[in-house]
Amino acid sequence: MPLRTSFCTIACRKREGLPLAKILEQVKAAGYDGAEIWWPQVEQFSDAQLAETKDMLARLELKVPMLSPYLGNFNLPMTNREEMLERARRAAPVAAKLGA
């Protein structure tokens, strides 16, 4: 099995206003096989926007090995456990819609 490379789009988090579509084009142009999509970049997407993104990924021949909601942000006393579980509940169906 060949080694596949992916780019995590969190690396673009400081480039405010840069649309995910443009990031994906740049990921493909850089020669990556996939994009690990950062949750905040798709958190507010409608089903139509998710479908458009999935279509674009297919056109660019990019895979989505994971959606990155960063669930490891538990604090030591775990007082935010429910918040992290809720984030996972919201992110999982989005990941599925993107083919992750």
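The buried residues of helix H1 pack against strand S1 (6–8), strand S2 and helix H2. Helices (H or I, at least four residues) and strands (E, at least two) are DSSP runs, numbered from the N terminus. The model is predicted: local features need pLDDT of at least 70, side-chain atom pairs count only at pLDDT 80 or more, and totals for chains, interfaces and linings use all residues. Residues are numbered from 1 along each chain as its sequence is written, and side-chain values use heavy atoms, with hydrogens and water left out.

Helix H1 spans residues 20–29, and its buried residues are Leu-20, Ile-23, Leu-24 and Val-27. These four cover an arc of only 100° around the axis, so they lie on the same side of H1. The arc is that of the directions from the helix axis to the C-beta atoms. An α-helix has 3.6 residues a turn, so residues three or four places apart point the same way. Buried means under 20% relative accessible area, exposed over 50%, and partly exposed in between (1.4 Å probe, protein chains only). Just after H1, Gly-31 takes a positive phi of about 95°.

Gln-41 is placed in the loop between strand S2 (34–38) and helix H2 (47–60). Gln-41 counts as buried because its relative accessibility is 16%. Apart from its neighbours within four places in sequence, Gln-41 is in contact with Thr-9, Leu-20 and Ile-23; contact means heavy atoms within 4.5 Å. With Thr-9, the side chain of Gln-41 forms a polar contact of 2.3 Å. A polar contact is a pair of N or O atoms within 3.5 Å; within protein, one must be able to donate a hydrogen and the other to accept it, and residues adjacent in sequence count only if both atoms are side-chain atoms.

Arg-90 lies in helix H3 (residues 81–97) and is partly exposed, with a relative accessible area of 35%. Not counting residues up to four places away in sequence, Arg-90 touches Trp-39 and Glu-43. The side chains of Arg-90 and Glu-43 are joined by a polar contact of 2.3 Å. Arg-90 and Pro-40 are 50 residues apart in sequence, and their C-alpha atoms are 12 Å apart in space.

Glu-61 is found in the loop between H2 and strand S3 (67–68). Glu-61 is exposed, since its relative accessible area is 61%. Most residues other than glycine have a negative phi. Glu-61, although not a glycine, has a positive phi of about 60°.
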